[in-house]
Amino acid sequence: MRALILSLVFIALPASAFELYINPLGNDSWSGTLREQNSAGNDGPIKTPEKAKEIIRSLKKSQKIKEPIYVNIAHGIYYLDHPLRFDSADSGSPTQTITWQAELGAEVTLSGGIPIECHPGENGIWTCTLQKNQLIANQ
């Protein structure tokens, strides 16, 4: 009689995780739980790292999420109105890590600068249009 040998292969699957998505084309009034805008146009990724920080703090405070949190940042330049600061309220724990990461292959820039639009003028002199409070000079 032949014996049938059954071997089981166990694959370690990652534990469930809560994922947030940031995209320059996102909207901070959306949930941030979708990588792309939905077909109805009423939910999708959030736009700013600051909003992701706010969502994570709220989730931690409410204790609604127990699993690791991943903040996935899409390719692009993110202009910050003020410094992005993290403190103990933004920290994870051994059982609930918080990972901020660029999406695979994405080049992400967090910029404290303000974009200005310039055009070449006469005699090699460039002209730039500035909004109010875009230029700070030593007084």
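Predicted model: local features only at pLDDT ≥ 70, side-chain atom pairs only at ≥ 80, totals over all residues.
Colleague: Which residues does Asp 90 touch?

Modeller: Leaving aside residues up to four places away in sequence, Asp 90 touches Lys 53, Arg 57, Lys 60, Arg 85 and Ile 98. Contact here means heavy atoms within 4.5 Å.

Colleague: What makes Asp 90 and Arg 57 a salt bridge?

Modeller: A salt bridge is a side-chain nitrogen of Lys or Arg within 4 Å of a carboxyl oxygen of Asp or Glu. The closest N and O atoms of Asp 90 and Arg 57 are 2.6 Å apart, so the pair is a salt bridge. Asp 90 is in the loop between S3 and S4 and Arg 57 in helix H1, 33 residues apart. Helices (H or I, at least four residues) and strands (E, at least two) are DSSP runs, numbered from the N terminus.

Colleague: Which residues are linked with Arg 57 in a network of salt bridges?

Modeller: Arg 57, Asp 87 and Asp 90 are linked in that network. Arg 57 and Asp 87 have their closest N and O atoms 3.0 Å apart. With relative accessible areas of 32% for Arg 57 and 42% for Asp 87, each residue is partly exposed.

Colleague: How many salt bridges does the structure hold?

Modeller: There are five. One of them joins the side chains of Arg 35 and Glu 103, at 3.0 Å from N to O. Arg 35 lies in the loop between S1 and helix H1 (49-62) and Glu 103 in the loop between S4 and S5, so this pair ties together parts that are 68 residues apart in sequence. Glu 103 is buried, at 14%, whereas Arg 35 is partly exposed, at 48%.

Colleague: Why is the pair of Phe 86 and Trp 100 called edge-to-face?

Modeller: Rings of Phe, Tyr and Trp (its six-membered ring) pair if their centres lie within 6.5 Å; planes under 30 degrees apart count as stacked, over 60 as edge-to-face and the rest as tilted. The ring centres of Phe 86 and Trp 100 are 5.3 Å apart and the planes stand at 75 degrees, so the pair is edge-to-face. The structure holds one aromatic pair.

Colleague: What makes Lys 53 lie over the face of Phe 86?

Modeller: A charge sits over a ring if NZ of Lys or CZ of Arg is within 6 Å of the ring centre and within 35 degrees of the ring normal. Lys 53 is 5.7 Å from the ring centre of Phe 86 and lies over its face.

Colleague: How do you know that S2 and S4 pair?

Modeller: Two strands pair if DSSP finds at least two bridges between them. Five bridges join strand S2 (residues 69-73) to S4, so they pair, and they run parallel. An open sheet of three strands has the order S1-S2-S4, with parallel pairing.

Notes:
Residues numbered from 1 in each chain as written. Heavy atoms only, no water. Buried < 20%, exposed > 50% of the residue type's maximum accessible area, 1.4 Å probe, protein only.
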